[in-house]
Each structure stands twice: as C-alpha cells, then as structure tokens.
Amino acid sequence: MILPCFSDIKKPLLLAEEQIKILTFRKYLYKFVYYQMRIILFLYFFMKINEIKNKLVEKGLKITPQRLAILEAIIKLNNHPTAENIIEYIRKNHPNIATATVYKVLDALVANGLVMKVKTEKDVMRYDAFLENHHHLYSSESDRIEDFVDTELNEMIKKYFEKKNIPNFEIEDVKLQIIGKFLKNNK
Ligand SMILES: [Zn+2]
C-alpha cells in the first residue's frame, strides 16, 4: 500500500483554505458594495428631497406631506409615471392621502412648474420631475421614456430657429420626443 506523503494531503487542505478565504473576502466585498449602493441611493434621494423642498419654497408653495409624497412618487417611479402609477404608489406608501388630493397636488405642481407633463404617442399623460432642459427617447412598444440630455442638440435647435425666424411666432421651448426601440430592456 502506498501511503500519501504529508505534503500531498496538505496541498488540497491549503487550496480549500485559500478558497474559503477568497469566498469570505468576496462575501464581505459584495456586502460592502451593497451597503455603499444603499448609502448612495439614500443620499441621492435625500438630496432630491432637499432640492424639492427648496423648489417648493422658491415657488412660494408650502412644504406639505402630500406635496412631498407625490414628488417622491414621481422620482422613485422613475419612468415618467402616469397619474394611475402615482396613485398606486401613494396607496401603498402613503395610504392616508386621498386620490382626489393626488390629482389636486399634481395640478398645483404642474401649474407652478415643479413637474412637467409629457404626452406619449398613445395620448397618455405622464409626469416628469426632472426639470433640466431635456428631450425624451420613447418606445411605444414598451411605453418606456428615457430622458435625453444633449446641450449640443439644444444649441443646434436654437441656432436653426434663430435663422428660420418663423413669422408671427415666438418660440419659448422646443422639446423632442425621439421615437424608437430600446435594444436592451435593462430598465
Ligand atoms: Zn423627462
């Protein structure tokens, strides 16, 4: 009978130990990344809420829990939600806010320029809390809307219409809805 020498037994043991070390390290790394991401998301949302509060104050509107909740819904739902999406979110997360209040608050926010309305090809009204000058990429197939920020395009449009000088009309804003298909459904 040939007995394995000590180094032959030790080798796999060492390998297993190494593997455990790597796995433990990976586990802690994933945990670290996961918590970092949660902190980043929390900070992002905290900053957004503060930005919203400042905007409400700027527009002379009172900071009410209802207004904050609806703005929170629009930001968290992320894909330019419909009134129905917002109502569903409010029902789940802020059940004390009535549906009629949601509509009233939405109208007030739109009237004060804190939220924009976006109409899709299907004539469905969606809401947008991103107030920077931007356009939209829209897919009627998936009903997905993505923000499209392009300062070069804005400059081009501005220059084009300055040259065109449409008679008897003053341009206030140009917003494009670029229709197409998203190639990857990585929402
Ligand atoms: Zn948008």
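Reader: How far apart are the end C-alpha atoms of helix 5, and what span should its 14 residues give?
Author: This is a predicted model. In it, the end C-alpha atoms of helix 5 are 20 Å apart. At 1.5 Å a residue, its 14 residues should span 20 Å, so the two agree.

Reader: How many residues of helix 5 are buried?
Author: The count is 0 among its 14 residues. Helix 5 is hardly covered.

Reader: Take Thr151 in helix 5. Buried or exposed?
Author: Exposed, because Thr151 has 10 other C-beta atoms within 10 Å. The cut-off for exposed is 12 or fewer.

Reader: And how far is Thr151 from Lys117?
Author: They are 21 Å apart in space, C-alpha to C-alpha. Along the sequence, Thr151 and Lys117 are 34 residues apart.

Reader: What follows helix 5?
Author: Asn165, with a positive phi near 45°. Asn165 is in the loop between helix 5 (151-164) and strand 5 (177-179).

Reader: Is Asn165 buried or exposed?
Author: Asn165 is exposed, with 8 other C-beta atoms within 10 Å.

Reader: What about Asp123? Where is it?
Author: Asp123 sits in the loop between strand 1 (116-119) and strand 2 (125-128). Its phi is near 65°, a positive value in a residue other than glycine.

Reader: Buried or exposed, and with how many neighbours?
Author: Asp123 counts as exposed, because it has 6 C-beta neighbours inside 10 Å.

Reader: Switching to helix 4. Which residues are buried there?
Author: Val102, Val105, Leu106 and Leu109. They cover an arc of only 105° around the axis, which puts them on the same side of helix 4.

Reader: Why would residues with that kind of spacing line up?
Author: An α-helix has 3.6 residues a turn, so residues three or four places apart point the same way.

Reader: What's on the face turned away from the buried side?
Author: That face of helix 4 carries the exposed residues Ala100, Asp107 and Ala111.

Reader: And what do the buried residues of helix 4 pack against?
Author: Helix 2 (65-77), helix 3 (83-93) and strand 2.

Reader: What span should helix 4 have, and what does it have?
Author: Helix 4 runs over residues 99-111. Its 13 residues should span 18 Å at 1.5 Å a residue. The end C-alpha atoms are 19 Å apart, which agrees.

Reader: What comes just after helix 4?
Author: Gly113, which takes a positive phi of about 70°.

Reader: Back to the packing. At what angle do the axes of helix 2 and helix 4 cross?
Author: Roughly 80°, and the axes come within 10 Å. That makes helix 2 roughly perpendicular to helix 4.

Reader: Which residues make the contact?
Author: Helix 2 gives Gln66, Arg67 and Ile70. Helix 4 gives Thr101, Val102, Val105, Leu106 and Leu109. By class, the contact has 5 nonpolar, 2 polar and 1 charged residues.

Reader: Which residues of helix 2 are buried?
Author: Arg67, Ile70, Leu71, Glu72, Ala73 and Ile74. Of these, Arg67 and Ile70 are also in the contact with helix 4.

Reader: How does the span of helix 2 come out?
Author: Its end C-alpha atoms are 18 Å apart. The 13 residues should span 18 Å at 1.5 Å a residue, so that agrees.

Reader: What follows helix 2?
Author: Asn78, whose phi is positive, near 65°.

Reader: Now Ala129. What is it in contact with?
Author: Leaving aside neighbours within four places in sequence, Ala129 is in contact with Leu71, Ile74, Ile75 and Val115. Two of those, Leu71 and Ile74, are among the buried residues of helix 2.

Reader: Is Ala129 itself buried or exposed?
Author: Ala129 counts as buried, because it has 23 C-beta neighbours inside 10 Å. It lies in the loop between strand 2 and strand 3 (135-139).

Reader: How far is Ala129 from Leu109?
Author: Their C-alpha atoms are separated by 9.5 Å. Ala129 and Leu109 are 20 residues apart along the chain.

Reader: Last one, Glu51. Where does it lie?
Author: Glu51 lies in helix 1 (residues 6-58). Glu51 is partly exposed, with 14 other C-beta atoms within 10 Å.

Technical notes: Residues numbered from 1 in each chain as written. Predicted model: local features only at pLDDT ≥ 70, side-chain atom pairs only at ≥ 80, totals over all residues. Helix = DSSP H or I, 4+ residues; strand = E, 2+ residues; numbered from the N terminus. Buried ≥ 20, exposed ≤ 12 C-beta atoms within 10 Å, placed from the backbone. Expected span 1.5 Å × (residues − 1). Arc of directions from axis to C-beta. Contact = placed C-beta atoms within 7 Å. Axes fitted to C-alpha atoms, helices over the stretch in contact; angles between N-to-C directions. Parallel < 35°, antiparallel > 145°, perpendicular 65-115°, else oblique. Nonpolar A, V, L, I, M, F, W, Y, C, P; charged D, E, K, R; others polar.
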